[in-house]
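Me: I want to go through the terms used for this model and see what each one rests on. Please set the values against the cut-offs.

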Amino acid sequence: MSDAILRLDDVHTDIAQYQILHGVSFDVPEGGVHVLLGRNGAGKTTTLRTIMGLWRARKGAIVFRHHDITAMPTPDIARLGIAFVPENMGIFGGLTVEENMRLATTSGQFDKDRLDRVFALFPAMEKFWAKQAFALSGGQKQMLAISRAIIEKREMILIDEPTKGLAPAIIRAMIDAFREIAAETTILLVEQNFLFARSLGRGVTVIDDGRIVHDGDMAALAADEGLQTRLLSLSLEAH
Ligand SMILES: Nc1ncnc2c1ncn2[C@@H]1O[C@H](COP(=O)(O)OP(=O)(O)OP(=O)(O)O)[C@@H](O)[C@H]1O
């Protein structure tokens, strides 16, 4: 497909002596949200970390636009415009919201318009600007992690389970923020919460035991409960 911003082709990743990804291939189309679903331990985080160069593919290729990033150092991958929001969020608890966000800029300076946009998306960031990150709630920490990823324009953002442990009201608020962010960038979203995933995703790839078992439109998967059960079993919060 020519409209893919990211393409994984037969990616094999080992962690220590264990083979975790067994030939993962899928395309992420440009724009909007593409969801990577799968049970616990299926290989979702390993896939994101392999894209970022934090684990190395032993075999296969990862192409971002026209760049082969398979063996590229992580900082170079980030410089191409890919941001990664890991499951542990990667924020610095002892630093303030402002300091956390400043560290995420390339120059140490904020673009005022972008900062205003972040504040409009996540008002808590402005409110707690001078507060240390460890004192934020779980939802606010996740918002800070996402704010760091969007404080400068990115081509693509990889986000690992942003709703984990969050209350339903916070999750609903995050859906709107994600829609806005996805209007200017491509998001590859790893999720276990199927409600969240299906309200955002245009395309969906399902991974199981390090292999892709389904790739298609989210609308089709959302409409087919039998397929959901077969692919995702009981581990997802389908209701
Ligand atoms: N550092 C590691 N050392 C050994 N095995 C690992 C390591 N990290 C992950 N694994 C194994 O790799 C497999 C895939 O893990 P991964 O974290 O990619 O799954 P996941 O789909 O993201 O699951 P989860 O939803 O639980 O985060 C699992 O079997 C896991 O135990």
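Me: Which strands does helix α1 lie across, and at what angle does α1 run to β7?

Reply: Helix α1, residues 44–51, lies across β3, β6, β7 (156–160), β8 (186–191) and β9, and runs at about 150° to β7. Helices (H or I, at least four residues) and strands (E, at least two) are DSSP runs, numbered from the N terminus. Angles run from 0 to 180 degrees between N-to-C directions, with axes fitted as lines to C-alpha atoms, for helices over the stretch in contact. The model is a predicted one: local features need pLDDT of at least 70, side-chain atom pairs count only at pLDDT 80 or more, and totals for chains, interfaces and linings use all residues. Residue numbers start from 1 along each chain as its sequence is written.

Me: What makes β6 and β10 edge strands?

Reply: Each of β6 (82–85) and β10 (211–217) pairs on one side only. Two strands pair if DSSP finds at least two bridges between them. The open sheet has six strands in the order β6-β7-β8-β3-β9-β10, and its pairing is mixed. Its neighbouring strands are turned by 15° against each other on average, direction ignored.

Me: Why is Thr205 called buried?

Reply: A residue is buried if 20 or more other C-beta atoms, placed from the backbone, lie within 10 Å of its own, exposed if 12 or fewer, and partly exposed in between. Thr205 has 24 such neighbours, so Thr205 counts as buried. Thr205 belongs to strand β9. Beyond residues up to four places away in sequence, Thr205 touches Phe26, Leu36, Ile212 and Asp215; contact requires C-beta atoms, placed from the backbone, within 7 Å.

Me: Why is Ala104 called partly exposed?

Reply: Ala104 has 18 C-beta neighbours inside 10 Å and therefore counts as partly exposed. Ala104 sits in the loop between α3 (97–103) and α4 (112–121). Apart from neighbours within four places in sequence, Ala104 is in contact with Arg148 and Ile151. The C-alpha atoms of Ala104 and Glu152 are separated by 8.2 Å, although these residues are 48 apart along the chain.

Me: What makes the largest nonpolar core a core, and which residues have the most contacts inside it?

Reply: A nonpolar core is a set of buried Ala, Val, Leu, Ile, Met, Phe, Trp, Tyr and Cys residues joined through C-beta atoms within 7 Å. The largest has 63 residues, and those with the most contacts inside it are Val35, Val85, Leu144, Ile157, Leu158, Ile187 and Leu189. Helix α6 (residues 138–150) gives the most to this core, with six residues. Leu158 touches Leu48, Ile51, Met52, Ile82, Phe84, Val85 and Leu188, leaving out residues up to four places away in sequence.

Me: What is the phi of Asp10, and why is Asp10 called partly exposed?

Reply: Asp10 has a positive phi of about 55° and is not a glycine. Most residues other than glycine have a negative phi. Asp10 lies in strand β1 (residues 4–15). With 13 other C-beta atoms within 10 Å, Asp10 is partly exposed.

Me: Why is Ala16 called exposed?

Reply: Ala16 has 5 other C-beta atoms within 10 Å and is therefore exposed. Ala16 lies in the loop between β1 and β2 (18–29), and its phi is also positive, near 50°.

Conventions
Contact = placed C-beta atoms within 7 Å.
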